[in-house]
Amino acid sequence: MRLITSESRRCDALLRKSDTTATAERIALSQLPGALAAIADDENRAVRAVDLLLTQAILHRASDVHLEAKRSGLVVKFRIDGTLLVVAQIEPALTSLVLTRLKVLSRLVIYQKHTPQDGRIEYRLGDQTHQFRVAFMPTLHGEKAVIRLAEALDRPLALDELGMSPELLRRVRRLIASRQGVVLLTGPSSSGKTTTMYAMILAIYQDAGETINIATLEDPVEMDLGCISQTPIPTGGEMSYADGLKSLLRQDPDVLMIGEARDLETARIVVQAGLTGHLVITTIHSGRAWSVYTRLLNMGIEPFLVASSVQGTIAQRLVRRLCGECKQARPVDAQTRRRLGLDRDAPIFEPPALPIACAACEGTGYRGRTGVFELLESNEDLQELVLSKSSARELAERARLLMPGDLRADAMRKVEAGITSLAEVFRATGGSIEPEPQEADE
């Protein structure tokens, strides 16, 4: 029986959409330079300029704001759906004031301009408080500031909102229902791994509620879920992942989410915890689902621990979604369809040629992102390959037989569904739409 508490109701509410920024006015990115120029030239000009930039970054779903010092002033860029867009330029006379205002908000040393500094900002917009991480770096023409919006989403996503196929979703739910072993996610930086882990944790909580102990160890905590114990890694180095994990294992946990298995000690504790009746969900830098095994072995983890503990590995990437208002059909010949494994009758879409005037996507041709995945579940054959320390090629060949589909195949399904474009697929997974050149006969 699930115990209903105020915390469980909060987790349920987090998964429901909300409009927390209705009181703020969203302006088109093309109008942002004019809005900055229109700010009155008085002692509060920098304050209003920074407020305008932070507010519009939130309303336009930016994950990062870049302020780059150039000879001509401060170039402002928003990273939206993974792509950097130049949105404005701040005149040289205002550059220093804007950077100083950011330092004040971040509680940094104002006069320190020749060494890096890191800070945090809590910014109130409507009834929501947003957490920003700010990093300053000296450059040739002045300081560069990058602001990471720790809450690019106003709520965590559910598992069925990540873009997984029904078959993949069924397999993932089966993995986390086992309540033991290790599930590892891999992919490049900013590929959505933390979002996927949050979705897994919330799925477990929705199923079991307060009857199990769920704990996380994160660097940093990206979103306050409110219904489970989340522990941030201190920035001063007082506690490492390995130290925190050892302590968490003394807290009688059932499910652990560890931000990253970044070193041998942490990875060894993770796999050992998976053997002793815990479900551990974590990330590791590897690239592909099958190469996670090679990575763990190369780190120095004993093969019997890897084979016995790892229950599944997931590789993922993010691709941009085509804008539903302006996407256009693209002709693809039959030969190319066969080579790419595309259905011969499925319409293929792409963004229109730039520049375009589309208010829905700000003229980019894309709006939002979705994940592409591959999942490799452990079985006896795979375990035998790990125990014998088989080569990466042997692991990759066996993985192709065991996986329901790889990253490219999952991405192509989204192309056939009109969700993304071929250009996005090859950007995220590598390769090109053009056939590889054939070697000349000698």
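Helix α6, which covers residues 193-208, lies across β7 (181-186), β8 (214-218), β9, β10 (255-258), β11 (279-283), β12 and β15, and runs at about 165° to β11. The model described here is a predicted one.

The seven strands in question form an open sheet in the order β9-β8-β10-β11-β7-β12-β15, with mixed pairing. Because β9 (229-232) and β15 (366-377) stand at the edges and each has a single partner strand, one side of each is left without a neighbour in the sheet. From one strand to the next, the twist averages 15°.

Strand β12 (residues 310-322) is joined to β15 by ten bridges, and these two strands run antiparallel. Within this pairing, Gln316 has Phe373 in β15 as its bridge partner.

## The six-stranded sheet

A further open sheet consists of six strands in the order β3-β2-β1-β6-β5-β4, and its pairing is antiparallel. The edge positions are taken by β3 (83-90) and β4 (117-125), each with a single partner strand, so one side of each is left without a neighbour in the sheet. Neighbouring strands of this sheet are turned by 20° against each other on average, when direction is ignored.

Strands β5 (residues 128-139) and β6 (residues 142-149) run antiparallel and are joined by eight bridges, and Val134 stands opposite Ile147 in β6.

How values were computed: Residues numbered from 1 in each chain as written. Predicted model: local features only at pLDDT ≥ 70, side-chain atom pairs only at ≥ 80, totals over all residues. Heavy atoms only, no water. Pairing = 2+ DSSP bridges. Helix = DSSP H or I, 4+ residues; strand = E, 2+ residues; numbered from the N terminus. Axes fitted to C-alpha atoms, helices over the stretch in contact; angles between N-to-C directions. Contact = heavy atoms within 4.5 Å.
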